[in-house]
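I opened a new notebook page for this protein. My plan was to look up a few things and write each one down.

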Amino acid sequence: MKHYFKAAIFGALVCTLFAACKKDNAEPSAGDKPLIENLTLTPNSAIAYGDAVTLSGKLSDAAGLQSYTVRITNEGGDIYNETKMLTGTLFNLAESLVIPLPRNAQAGNATLSITVKNSKDMSSTEDLTLSNLTVPSFDQLYLIIGTRSLPMTRNGDLYSVEEIIAAEAVGKIYAKADKTGLFWGQVSSSIEPMKAGDISIGATSESNLKITFNIKTFELTIEAAEQWTPITETYYIYGTISGHWQDGDIVTELPSARMTGYKSGEKKYWTWTPPGLDAEDPNNSVPGYDMWGNINPGLFRFKKAGAEEYVLFDGNIITGSTNDRSFSFITTAGGPITIKLYHDGTKFDKITLEASDKSLEYSHDGSLSINGAPAPEKITFAGADLSLKPGSLYMYEGMATLTADQTITATQADLTKIKPDRDVFTGGGNAQWKMIGSAGDWLIRIDPFGYTIYACKITSYPDVIYMDGWGWAKNSSEPATNWIPDNRLCLQRKSPTSYIYEATFYNFGWTIDVSFWSAYLTTPDYGNRTIASHYFTGVEPQGNGIKLPSTAEYTKITVDLKDGFDYDTNVLEGDASQYYKLIPANGKQFTVTLEHFDE
């Protein structure tokens with residue numbers, strides 16, 4: 001009996017151990033693997049290499065998702081393979097990707113597969129067939145270096161461009177000028193599609209180069225092109241863009257505005273960078289010689305040295321015999337910007353403005369390129385369309401209805417480089433901003449070249465009031481405002497029940513004067529609705545407005561209108577009797593408070 005009991009126990013133990021081992025080595029059941037549901041590809045037909053597609057579906061796993069891998073293969077092997085990490089138990093897939101164009105691509109089928117792993121290192125895979133992938137044909141490619149977009153001319157499988165390239169310049173080759181879709185970058189010494197590394201283009205010094213790209217083999221050839229030799233023929237910059245304030249509107253041939261010319265065959269170009277002289281130079285800071293290395297926003301033209309011959313702009317690049325300011329080129333940005341004037345042997349074919357972070361190109365036919373892409377027909381901001389402002393070449397504006405805490409995005413404008421109005425938005429440096437101003441209808445104006453935005457609520461008093469004046473801007477990097485009614489500062493109401501209004505701006509320290517207004521210029525009688533200085537206490541009057549301190553600094557302004565006011569529109573006052581008589585509630589005088597703050 002005793003031996004039988006021991007044997008029974010031993011047998012049971014062996015069975016238990018055997019069963020446990022068998023379970024540990026068992027194949028996982030379908031329930032142990034992640035689930036892939038409703039996997040779809042959009043579009044799913046008539047697809048070419050280089051097209052953008054969206055892969056959508058639902059990925060789930062009770063134990064927790066770890067990663068998913070998207071892979072595209074054809075007869076030659078992998079052409080796309082990317083893994084992304086996951087957390088949680090559910091992921092709604094919406095993956096946008098561009099189907100890379102492989103070397104020596106041939107039309108045919110390919111397979112797109114997605115493999116999902118869970119936290120137990122178990123995986124599921126599902127395949128989709130990309131039927132009849134076609135090989136795209138491009139009339140042009142674009143070599144984009146910084147903010148310069150250089151069209152590459154096609155000759156069979158070869159695309160080439162000849163251009164003056166800065167020293168050590170790097171860039172990428174794109175199928176589209178707006179840098180969307182297919183592109184080629186560099187990995188080690190190899191040119192590959194959809195790779196983030198920049199291609200080394202420039203030589204050790206600025207050179208005229210011919211860059212040729214084979215779209216079949218991805219071979220890139222860079223060689224010295226025709227040589228440019230200096231010429232004595234030159235042009236001068238005229239206009240209001242000098243970085244030295246004493247130059248004013250340049251209408252004579254100043255040494256500081258002289259361009260340097262080069263020639264290759266029949267082609268010529270002239271280049272000019274605003275001079276910034278060393279302190280030891282005897283002409284340091286002297287107007288006409290030194291521009292402190294910068295230009296200012298303004299109008300400019302070109303004059304041939306010693307002759308009444310001008311290069312002008314009337315919607316096209318033209319030549320003329322008079323210095324006609326109405327036919328000027330425009331720059332809305334200042335700073336260390338290089339300007340170049342090109343002649344192709346028969347005509348002036350383009351004008352370029354180039355800085356490290358921006359570029360603007362005027363073509364002979366009047367078309368513009370901004371930061372390497374054609375000037376857009378419109379900009380979309382917070383879901384609202386901003387159209388080209390009448391009379392402007394590349395300023396866009398429109399009305400946007402904004403709500404509290406709204407997420408702000410834009411198309412055709414790079415929010416990462418635009419400095420937001422700190423009173424209205426937060427999120428500078430990011431592609432998404434957040435609305436922090438008061439909800440309502442806002443006028444939005446964007447300059448994609450100067451990277452500026454103007455935001456103004458146009459509902460008028462008592463919701464907002466406005467400040468006009470000169471010598472101020474929202475930021476120190478922007479051009480100073482000079483009594484421009486459609487660029488007034490918008491002061492928002494501190495609370496729905498108060499008559500306290502606040503805003504921030506930069507005071508350039510020029511002993512400026514400003515005035516306050518209760519209506520935006522869209523109001524027919526806005527010019528009659530001032531809040532004159534004699535209704536304030538504790539201010540230094542300057543005509544209808546007030547003087548501000550002559551200190552260059554960022555300033556927060558608070559205007560306290562006490563219990564509010566009304567107008568008697570039947571009574572006019574002021575030196576020219578052009579303003580409605582203002583009636584302060586309870587007879588209280590208003591105050592203005594200025595506070596310095598660090599940007």
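The entries below go from the whole chain to single residues.

**Ground rules.** I am working with a predicted model, in which local features need pLDDT of at least 70, side-chain atom pairs count only at pLDDT 80 or more, and totals for chains, interfaces and linings use all residues. Residues are numbered from 1 along each chain as its sequence is written, and side-chain values use heavy atoms, with hydrogens and water left out.

**Overall form.** Helices (H or I, at least four residues) and strands (E, at least two) are DSSP runs, numbered from the N terminus. Along the principal axes, the C-alpha trace spans about 125 × 75 × 50 Å.

**Surface and contacts.** The accessible surface comes to about 28,900 Å², and 50% of it belongs to carbon and sulfur atoms. Such areas come from the Shrake-Rupley method with a 1.4 Å probe; for residues, only the protein chains shown count as cover. I then checked burial: 45% of the 599 residues count as buried. Buried means under 20% relative accessible area, exposed over 50%, and partly exposed in between (1.4 Å probe, protein chains only). Among contacts (heavy atoms within 4.5 Å) between residues at least 6 apart in sequence, 63% join residues at least 24 apart.

**Cores.** Which residues touch the most other members of the largest nonpolar core? I found Phe302, Tyr362, Phe381, Phe425 and Ile444, in a core of 66 residues. A second, separate core has 50 residues, including Ile79, Ala105, Leu112 and Ile165. A nonpolar core is a set of buried Ala, Val, Leu, Ile, Met, Phe, Trp, Tyr and Cys residues joined through side-chain atoms within 4.5 Å. I went back to Tyr362 and, leaving aside residues up to four places away in sequence, listed its contacts; among them are Phe313, Phe329, Asp349, Lys350 and Leu393.

**Ala400.** This residue lies in strand β32. Ala400 counts as buried because its relative accessibility is 1%. I saw that Ala400 and Trp442 are 42 residues apart along the chain, yet their C-alpha atoms are separated by 5.3 Å. Not counting residues up to four places away in sequence, Ala400 touches Phe381, Ala384, Gly440, Asp441, Trp442 and Ile444.

**Cis peptide bonds.** I noted one that joins Thr42 and Pro43, with omega about -10°. Pro43 sits in the loop between β1 (35-42) and β2 (52-60). The bond from Tyr461 to Pro462 is also cis, with omega near 10°. Pro462 is placed in the loop between β38 (452-457) and β39 (464-473).

**Positive phi.** Phe218 is not a glycine, but its phi is positive, about 65°. I found Phe218 in the loop between β15 (207-214) and β16 (220-224). Asp405, not a glycine either, has a positive phi of about 65°, and its loop runs between β32 (396-402) and β33 (407-408). Are these two residues buried or exposed? Phe218 counts as buried because its relative accessibility is 3%. Asp405 counts as exposed because its value is 53%.
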